[in-house]
Amino acid sequence: MNRSNQYSRRFAKSPIMRIVQVRRISQAFFFSLFVWFCIVATVGEKLWQLRGWPVNWFLQLDPLVAIGTILTTHTLYWPLLWALATIILTIIFGRFFCSWVCPFGSLHHFVGFLGNRKKTAAQKIQLNKYRKAQCIKYFILVVFLFMAAFPSIGVTLQMGLLDPIPLTTRSFNLVLLPIADRPANLVSVTARFYEGAWLILAIFLTAVLLNLVIPRFYCRFICPLGALFGIFGRFAIWRIGKNQSECVNCKLCERACEGGCEPSGNIRITECVLCFNCRQDCKDELISYQTKPSLAGEITNPDISRRGFVLSLAGGILAVPAVRLSNKLGSNWYHKVIRPPGALSEEEFLKRCIKCGQCMRVCPTNVIQPGGIQGGLENLWTPVLNNRIGSSGCQLNCVACGQVCPTSAIRPITLAEKLGTDEFADVGPIKLGTAFVDQNRCLPWAMDKPCIVCEENCPLSPKAIYTEECFNTVRDGILTVKKATDNTVEVEEAIVPAKFATGDYYCAVEGDERRKIAENTENTIVISSGEQFGKIPAAGSKIEVQVRLQKPCIDIEKCIGCGVCEHECPVSGRKAIRVSAENETRSADRRLLLGSHSAT
Amino acid sequence: MTEQNDKNLGRRELLGRAGKAGISIAAAGVISWRLYDREGPKTGVDTESLVTLPDFSVLDKASQTISIVKGSDRVKTVNKAIDLLGGIERFVKPGETVAIKPNVAFASPPMLGATAHPELVAEVVRLCYKGGAKQVYVTDNPINDPASCFTLSGIGKAASKAGAKLVFPKDNLFKHTTLTDGKLIKNWPIFYGPFANVNKLIGITPVKHHERAGASMSMKNWYGLLGGRRNIFHQDINTIIAELAMMVKPTLVILDGTEVMMTNGPTGGSVEDLRRANTLIASCDMVAADAYGCTLLDLKASDLPYLAKAQIAGAGTTDYESLKPIFAQVR
């Protein structure tokens with residue numbers, strides 16, 4: 001006994017570096033790495049851009065992502081194998097991830113330290129005591145796991161709402177980075193926008209500020225990943241514990257206890273986040289990281305009641321059918337849920353999407369946006385295209401979103417597959433939806449104004465937008481001839497000078513073909529030079545001023561729903577041409593055309 | 001001695017824990033290995049889960065393919081029509097199960113003629129039991145609310161009273177099918193459940209005007225088997241009806257022209273839309289039945305492109321005369 005005590009004492013005050021310093025370096029390193037991966041998730045070839053940076057690494061390390069998708073899809077998508085390393089290390093060493101790797105944990109750790117550093121030791125001990133409510137995180141975990149696992153009327157992956165890695169990824173990429181980058185636009189060329197990002201920020205800020213109330217509030221009470229680690233760490237070979245059963249009971253070991261795990265008494269192994277502060281703070285060096293259980297006793301099971309477990313299990317089982325009562329996967333699907341190219345069919349998509357926001361971050365045009373709840377609760381923060389945000393709809397020659405999707409909710413498609421070329425020529429291009437012209441708002445259709453911006457911007461060849469040409473007589477355009485020459489007409493009525501001089505207006509005389517108007521004064525119309533009336537209109541007869549219109553029409557066989565037309569439409573509020581998800585390739589039941597594709 | 005005991009206990013505890021940790025790691029490893037997916041999710045058709053409707057047709061009997069009976073009483077005309085084809089014994093063997101697919105498309109009363117007549121459906125149910133059927137099912141996947149359709153059309157009550165079991169279109173009864181040589185029916189959900197395990201299939205439908213297709217008769221009746229957003233097929237109505245005739249091979253169809261919906265079809269809505277034609281057709285060849293049936297609507301077979309398409313596809317003949325229809329009249 002004495003010998004081992006001496007040994008641990010020697011180890012505790014290692015002359016090179018104390019273990020809490022190593023921990024701090026580790027936290028700083030992984031936090032910086034995380035921020036770096038957020039910054040470099042920018043399409044480009046510079047060193048600080050995407051290139052080959054493993055920007056999904058933290059998400060891949062996250063066992064909740066791996067286990068969640070295993071439960072929903074019964075497969076382990078290969079990049080998520082990284083999570084196995086995390087799991088194995090946790091089984092051997094305990095919840096190391098929380099205090100050594102997790103960027104959200106490090107943030108909480110730091111803010112909690114800053115916010116409470118002026119408090120007395122007694123207050124700190126009080127702050128960091130164990131609380132019964134720490135069991136809530138296990139219930140949250142159980143609810144999410146059963147939503148993913150229990151095949152009632154479907155399964156859904158909703159852990160991303162509270163899983164700290166997707167939560168932090170989303171918060172940094174969709175909120176903090178765009179705000180930080182706004183003044184200078186160093187990361188992106190133009191300002192980035194994310195619809196409803198305020199809610200992401202509100203949740204993030206709440207989680208961070210709660211550290212001022214109780215340090216590591218999120219980690220202790222909410223974090224489902226921490227709960228999972230707690231369960232995995234139950235059999236840890238090495239664990240924090242007392243190497244002697246008796247002590248002066250000063251409780252200083254609980255002064256900076258990050259997990260609230262009661263190292264002074266029966267230490268709760270599932271709550272210990274391996275911050276090593278207790279070991280640091282014990283003046284008598286009675287706490288060590290050791291293979292034997294704490295001599296003051298330990299509790300290795302989460303403190304959850306049977307009733308609480310059964311209720312959360314029932315909640316998880318009930319949640320999916322309850323959420324799906326809205327029938328958003330059936331006939332009541334929301335037409336504005338336009339998924340990125342390569343997205344799986346909605347049911348499969350919801351089995352994989354973890355709402356991390358990587359696709360929204362990487363999308364060079366910023367068209368991929370966090371979804372709202374109009375498409376159903378499950379749609380929250382999943383990627384949807386909003387063609388009114390961003391620089392130009394879904395860019396034809398881009399497949400970036402699928403390349404960064406960590407779970408293949410958006411498959412990593414090739415350009416050939418997206419465009420339907422080469423070996424995909426038979427299936428044709430991937431359609432995200434269909435553009436519909438709103439003839440009540442379209443300038444040529446409704447207002448007699450030439451436009452066709454949509455047609456010009458349609459990136460396909462041949463274009464999916466074609467035009468119908470027509471000549472409409474303009475308002476007050478029937479005029480009475482005063483006198484006429486072979487290329488001018490003087491009229492009785494007053495007209496706005498130069499109004500018809502745009503090249504789009506024509507003068508129609510009965511019995512003659514219509515002539516293009518070159519210019520007009522307040523009472524004279526001049527037709528294009530080189531042209532002359534075939535029949536000079538007689539005084540007192542009527543002529544008509546007509547506008548040549550090209551009215552845009554959609555070739556539904558060709559339209560891929562990229563949304564460039566909608567983005568460019570000058571009717572900027574409610575656009576006069578709008579994409580909705582009908583006929584998207586990924587859903588058989590949203591087909592609009594016969595035999596256009598045969599998706600599952 | 002106690003110190004030694006403590007040491008042993010500690011060692012045993014550690015070994016136990018290490019064992020559990022090892023098992024956990026092994027389990028995590030095995031699960032990862034077994035579920036490892038290098039390919040990622042696939043898209044496309046899952047051909048393994050596709051189903052095909054069985055062939056319910058009976059052997060041809062020369063000159064006993066189609067019968068056309070005049071009369072105003074459906075119970076009498078249908079008995080006569082089936083008798084003329086060789087009696088119900090030809091179509092239903094003792095111990096067999098029979099599915100009857102009447103047109104129950106709309107929640108509309110029998111007097112409006114938009115749905116199969118309940119008396120006629122009930123009589124065919126009785127006939128099947130008379131032929132020795134073990135169980136008769138009456139089923140459809142209507143356009144309007146299913147329960148309301150069966151109730152308001154009177155078919156639900158009449159068929160149940162005659163001993164049939166009603167089968168409603170529940171989600172789990174739909175399976176995907178692909179029609180070989182089909183253009184439209186590809187990996188499409190159909191109302192498969194009621195027909196998967198029965199021996200015989202009888203279609204019963206009234207002759208109706210149909211705005212898009214020209215006429216809705218025994219071939220169009222199988223539209224009720226389509227699930228999903230089947231209304232997209234209206235873009236190519238003739239092809240889909242012809243494909244339905246290829247997909248479904250019924251034992252017998254009964255085409256009811258006692259009262260014919262001449263206009264405002266296929267829903268009707270007024271007795272003004274109906275005309276009494278007092279004709280009932282029973283046929284093993286539904287193309288022939290429809291080719292005759294359309295004459296009751298003052299149409300020719302050539303007015304309905306789907307008839308020619310079905311004939312080319314081998315589903316039957318539009319030249320019903322060539323089948324030597326048996327004509328009769330009952331009072």
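Predicted model: local features only at pLDDT ≥ 70, side-chain atom pairs only at ≥ 80, totals over all residues.
Residues are numbered from 1 along each chain as its sequence is written, chains are lettered from A and ligands numbered from 1 in the order in which they are written, and side-chain values use heavy atoms, with hydrogens and water left out.

Domains first. Their bounds come from an automatic or database domain assignment. For chain A the assignment gives domain 1 (2–299), domain 2 (346–432) and domain 3 (468–551). Taken over C-alpha atoms, the centres of domain 2 and domain 3 of chain A are separated by 50 Å. Chain B is split into domain 1 (1–43) and domain 2 (49–329), and here the C-alpha centres lie 64 Å apart.

Next, the barrel in chain A. Helices (H or I, at least four residues) and strands (E, at least two) are DSSP runs, numbered from the N terminus, and two strands pair if DSSP finds at least two bridges between them. Six strands of chain A close into a barrel, running in the order β9-β10-β13-β12-β11-β14 with antiparallel pairing. On average, neighbouring strands of this sheet are turned by 40° against each other, direction ignored; the axes behind that value are lines fitted to C-alpha atoms, for helices over the stretch in contact, and angles run from 0 to 180 degrees between N-to-C directions. One of the pairings joins strand β11 (residues 505–509) and strand β14 (residues 542–554) of chain A, antiparallel over five bridges. Val509(A) stands opposite Ile543(A) of β14(A).

On to the rings. A pair of aromatic rings is described by the distance of the centres and the angle of the planes. Rings of Phe, Tyr and Trp (its six-membered ring) pair if their centres lie within 6.5 Å; planes under 30 degrees apart count as stacked, over 60 as edge-to-face and the rest as tilted. Over all chains, the search turns up 29 aromatic pairs. For accessibility, buried means under 20% relative accessible area, exposed over 50%, and partly exposed in between (1.4 Å probe, protein chains only). Trp57(A) comes out as buried at 18%, and Trp82(A) as partly exposed at 42%.

The rings of Phe104(A) and Phe204(A) count as stacked, because their centres are 5.8 Å apart and their planes at 20°. This pair links distant parts of the chain, 100 residues apart: Phe104(A) belongs to helix α7 (residues 103–116) of chain A and Phe204(A) to helix α11 (residues 197–209) of chain A. Phe104(A) is buried, at 1% relative accessible area, and so is Phe204(A), at 5%.

Charges also turn up over rings (NZ of Lys or CZ of Arg within 6 Å of the ring centre and within 35 degrees of the ring normal). The charged end of Arg268(A) sits over the ring of Tyr130(A), 3.8 Å from its centre. Arg38(B) puts its charged end over the ring of Trp78(A), 3.9 Å from the centre.

As for the cysteines, a disulfide is a pair of cysteine sulfur atoms within 2.5 Å. That rule gives zero disulfides over all chains. Cys250(A) is in none, with the nearest cysteine sulfur, that of Cys253(A), 6.2 Å away; Cys250(A) is partly exposed at 40% relative accessibility. Cys454(A) is likewise in no disulfide, the nearest cysteine sulfur being that of Cys442(A) at 6.2 Å, and Cys454(A) is buried at 9%.

Finally, the backbone. Most residues other than glycine have a negative phi, and most peptide bonds are trans. The bond from Ser461(A) to Pro462(A) is cis, with omega near -5°, and Pro462(A) is placed in the loop between α21 (453–457) and β9 (465–484) of chain A. In chain B, the bond from Gly265(B) to Pro266(B) is cis with omega near 0°. Asn583(A), not a glycine, has a positive phi of about 75° and is buried at 0% relative accessible area. Asn278(B), in strand β11 of chain B, has a positive phi of about 50° and is partly exposed at 25%.
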